[in-house]
Amino acid sequence: MVQPLTRLKESPSQTGGPYVHIGAVPNFAGVTGVYPHDLGSLPVPPEVAGERIVVTGRVFDGGGTPLRDALVEIWQADADGLYPGRGEHRGAADPNFTGWARQAVDGETGVYRFETIKPGSAPYVDGRPMAPHITVWIVARGVNIGLHTRLYFSDEEAANAADPLLARIEHRVRVPTLIAQRSDEDGVATYRFDIRLQGEGETVFFDI
């Protein structure tokens with residue numbers, strides 16, 4: 001005799017709400033005493049090898065309004081294209097570099113700003129070299145699942161043209177949404193990377 005199966009119903013999806021900030025950046029959210037500083041918020045130590053750069057921008061909603069409650073993380077290789085962590089088998093990454101940082105956008109302006117180093121080229125899954133890039137992860141009110149995208153550098157035109165992942169983007173007019181534009185501010189290479197969640201100029205996101 002076949003017995004009926006009792007299945008639990010899936011609960012509704014919930015937005016991140018304020019709890020993302022309380023859990024991820026408690027000091028920023030005004031909850032002190034949990035950590036001496038928010039994880040991922042410390043600047044790159046002076047011992048780290050590589051060119052110092054600044055990555056900055058804002059996260060826009062579909063109506064073109066900057067989000068003021070977004071949380072942004074960056075993940076990247078070191079200056080030699082090696083990733084920190086046990087999964088890196090090509091060599092030893094810079095021991096002074098974590099390859100990761102996290103920041104809540106400014107509550108007034110919506111601007112995020114990371115001081116990091118320019119990454120080197122790392123191999124694609126098939127071994128072909130990828131252009132230097134930074135993986136960017138975004139979560140905010142109304143974003144149920146974190147969004148993944150990539151930041152490429154405008155002064156790496158040849159490497160970008162040969163990048164195997166960029167080559168897979170079918171609609172070529174959208175490739176520029178992944179290119180951060182360089183300017184020099186006070187002698188430091190500064191890359192502007194605005195992220196648009198929807199609408200005109202929507203950033204390319206990856207299903208990772």
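Buried means under 20% relative accessible area and exposed means over 50%, with partly exposed in between (1.4 Å probe, protein chains only). This is a predicted model, where local features need pLDDT of at least 70, side-chain atom pairs count only at pLDDT 80 or more, and totals for chains, interfaces and linings use all residues. Residues are numbered from 1 along each chain as its sequence is written, and side-chain values use heavy atoms, leaving out hydrogens and water. Here is a friendly tour of the charged and aromatic contacts.

**Salt bridges**

- Ten salt bridges turn up in a search of the whole structure, each being a side-chain nitrogen of Lys or Arg within 4 Å of a carboxyl oxygen of Asp or Glu.
- R90 pairs with E88, with 2.7 Å between the closest N and O atoms; R90 is partly exposed at 42%, whereas E88 is buried at 13%.
- D126 and R128 meet at 2.8 Å, N to O, and here D126 is partly exposed at 46% while R128 is partly exposed at 43%.
- D155 and K118 form a salt bridge with their closest N and O atoms 3.2 Å apart.
- D155 sits in the loop between strand 6 (147-153) and helix 2 (157-162), and K118 in the loop between strand 4 (111-117) and strand 5 (133-139), so this pair ties together parts 37 residues apart in sequence. Helices (H or I, at least four residues) and strands (E, at least two) are DSSP runs, numbered from the N terminus.
- In that pair, D155 is partly exposed at 33% relative accessibility, but K118 is buried at 11%.
- A network of salt bridges links E51, K118, D155, E156, R182 and D184.

**Aromatic pairs**

- The whole structure holds three aromatic pairs, counted when ring centres of Phe, Tyr and Trp (its six-membered ring) lie within 6.5 Å; planes under 30 degrees apart are stacked, over 60 edge-to-face, and the rest tilted.
- One of them is the tilted pair of W75 and W100, at 5.9 Å centre to centre and 50° between the planes.
- W75 belongs to strand 2 (residues 71-75) and W100 to strand 3 (residues 100-104), so the pair joins parts 25 residues apart in sequence.
- W75 is partly exposed at 44%, and W100 is partly exposed at 23%.
- F153 and Y191 pair edge-to-face, at 4.8 Å and 75°; F153 lies in strand 6 and Y191 in strand 8 (residues 188-192), so parts 38 residues apart in sequence are tied together.
- Both F153 and Y191 are buried.

**Charges over rings**

- The charged end of K118 sits over the ring of F153, 5.2 Å from its centre; the criterion is NZ of Lys or CZ of Arg within 6 Å of the ring centre and within 35 degrees of the ring normal.
- The charged end of R196 sits over the F60 ring, 4.4 Å from its centre.
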